[in-house]
Every structure is written in C-alpha cells, then in structure tokens.
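Please read the points below with the sequence and the model side by side.

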Amino acid sequence: MSNPSETRQPQTQTQKFGLLWPDLNDGLSYNDVVRSSDSESTLIEFYSNKHKNSAPLQGWVQRIQNGQIRVDGTVVTDPETILRVGSELVYHRLPWREPDAPCLLEVLYEDGDMIALNKPSGLQVLPGGLFQQRTVLTQLQWQASKKQEPHPVPVHRLGRGTSGILLCAKTKLAKTRLAAYFANGTSYIEGNRKTNMEMCGTRKITKIYRALVTGLLDEDKVLIKQPIGMVQYPGVAKGLYVASSSGKPALSKVDVLERNMQGNNTLVQVEIQSGRPHQIRIHLAFIGHPLLGDPLYVGGGQPMCFDPEFVDGSFAQDGGYQRPTKPVPGDCGYFLHAHQLILSHPTTNEVIKITAPLPSILQTQDEAKEIRIN
C-alpha cells in the first residue's frame, strides 16, 4: 500500500440518513424440517433439544401452548404431539420492543462500489439477540428501498458500543474484494511467515482506532500478540472471546497519544493487523489497561464476572431466556472509535483514506483546541 501521506482524502458532502424505529418489531419466524433422526419425537422434545439456547424446557412449553408453532401450516398447542419425517415446523417469535438504539447514520464516503458510514455507539451492525430490527443493516435496507436499488452490505463488524467507520459493499465484486482485504490481514498473522514491514507492503487495508484506557501506560509503544480464543459464558450462546493461549493469533499495535495523570487514564491509538472479535478490548485488558467504562473485560483479557457453571433458567413472556444479568459483549459504556481506514479501492486500486470525526472524549488536547479555534 502507498504511504498514507500520499493518499487522497475523498471529498464528500456531509449526508445523514436514518428512519425512526417503530415501537415493536415484526417478530421473527424460524423454519425447521423434521428429519429421519427426529421421527417419532414429540414437539417439545424436538424444540427443547434442537434449540436449547433459545429457551429452557418450560419456555418452549409456553411457546407451544401460546400457539406460536405451526406444523405443516396448522397451529399445534399440544407439546406431546408426535412428529413425522418431512413435516415443516415454523416457530413465530412474537414482536417485541427492542432496547433503545440510535437510528441516524452519517455517510463518510460513497461511490458506485462502496459506502463508508460513521456508526454511532449503541447501534448494532447485524441482527442478533434482542436486536433484530434496530441495526445498521435495517437502515441500509430502508434507505435502498426508497431509492429502489439493492442495499449495501457491511463487509466487517464493529461492536455495538464501538463507534466509527463501517465499510459496506454495493456490488458483489466489491463485497468479495473488501472481505478478502479484511481476511488477508488476519491470515498474515496466522501464517506468521512475513515480517512486519513485508506485511505493511502487501496489506490492502489499514484500520486505526482511538481508545481511552484505564491507568497510565509506561511505554509509548506496545505490540500485543496475545492469541484470542473462546470459552462458554452465560448469556452468550456461541461462547465468549477472551485472551487464551490456545486461541488464534492476533496482533495489535498501540501508540500512546496522551496520559491523563489526574484522571489516571491514557488516550491511545491502536492499529489492528488481525480482526478477531473484540480484539482491542481484549488486548488492552490483557496488558492491564482495559477500556475505560468497559463493563465486560478486565485485566488479563477475561470477563469481569465468570462462572461457566451458572445458567439462568428464568424466561420471558415469549418463553425465551431473560436478558442476562451478567455483562455481555454488546453492552456499551466503553470508549472505542474506528477513526481511520486506508485501503486500495476494490476496483480502481486507488488508495483511499477515510476518517470518522472523533468524539470529544477521544481527542487530544491539541485536537480539541484546534476544533474550538475553527
């Protein structure tokens, strides 16, 4: 990639879009087909065994008795109904009010191949958990429907509490190439065959973040190579990412920008050369400086509350599990911002530099002073 100082900062007019969220979403429908291995199973056996992460046994009983499940198009309310091979099952999750989330998105860059958005903290990128409608993807779909054109697709993710640049593809070719850019950085780390200088010359994308961490870092520059793996964790069905010696390789470069002696915190810039989930949060916590306000990760890159044996069996009106009482990855409160993205354009190979304005709390004193003057 060319030297960042030689790159062109795209000039675009400030544009924002976003529709207000309705009070309730539309609910969801989940489809299953009974296979031979499940023949002669009862309806409750099928759902409580196949989808135990969605609800406890009694929760599935409640859903069935509520009339939320259809078998071959007919509502069935008896949990002991025997299933036949080939039967089509549909579970309808009732509409619910999703937690509050911002709806306004700022366009930082746009052309015929891609669009870069400034995602606010508190907005989830893709549907998951309690957030099925209040997502970036939904706003992209609504915006595209107004223009009667295909909607852009995010090619990477940012945590719900993380703000800043989110890159989306508008064509299949752009999606394939941009996704490869993000994947290649991680594969270089995994292969561990190239030096850092060689990697910088071959990588197609550079991601630079701002973060505010607890405590005062002693060194001005820190290279973190801690692997990241997964453990079981209550409230996170697929498991929680943590610092783990048996995990996958990850690499983060940390530069100190300012130390706040009075507040006992440090403003840092982080360049990630791999893209593990929650990598920056885990890596900074691993070296003893978790993000200020992070409700989940603490020193060592582990969760604040960790009891893999704990399971909350209570369930909501819809039959599903209640919101976890312990912190989960989507909880907000920390200060992390995807500040700059430097990449080769997916079709022209032109070097593009995209910058998302910094929240005031992540500005250096000189940056804040310059903004006040201007």
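1. Glutamate 40 is found in the loop between strand 2 (28–33) and helix 1, where helices (H or I, at least four residues) and strands (E, at least two) are DSSP runs numbered from the N terminus. Its phi is near 70°, a positive value in a residue other than glycine. Glutamate 40 is exposed, with a relative accessible area of 59%; buried means under 20% relative accessible area, exposed over 50%, and partly exposed in between (1.4 Å probe, protein chains only).

2. This is a predicted model, in which local features need pLDDT of at least 70 and side-chain atom pairs count only at pLDDT 80 or more, while totals for chains, interfaces and linings use all residues. Residues are numbered from 1 along each chain as its sequence is written, and side-chain values use heavy atoms, with hydrogens and water left out.

3. Glutamine 148, in the loop between helix 3 (136–147) and strand 8 (153–154), also has a positive phi, near 55°, and at 76% relative accessibility it counts as exposed. Most residues other than glycine have a negative phi.

4. Helix 2 (residues 57–65) has the buried residues Gly59, Trp60, Val61, Arg63 and Ile64, and their cover includes helix 1 (43–50), strand 3 (69–71) and strand 5 (88–93). Glycine 67, with a positive phi near 80°, follows helix 2.

Methods:
Contact = heavy atoms within 4.5 Å.
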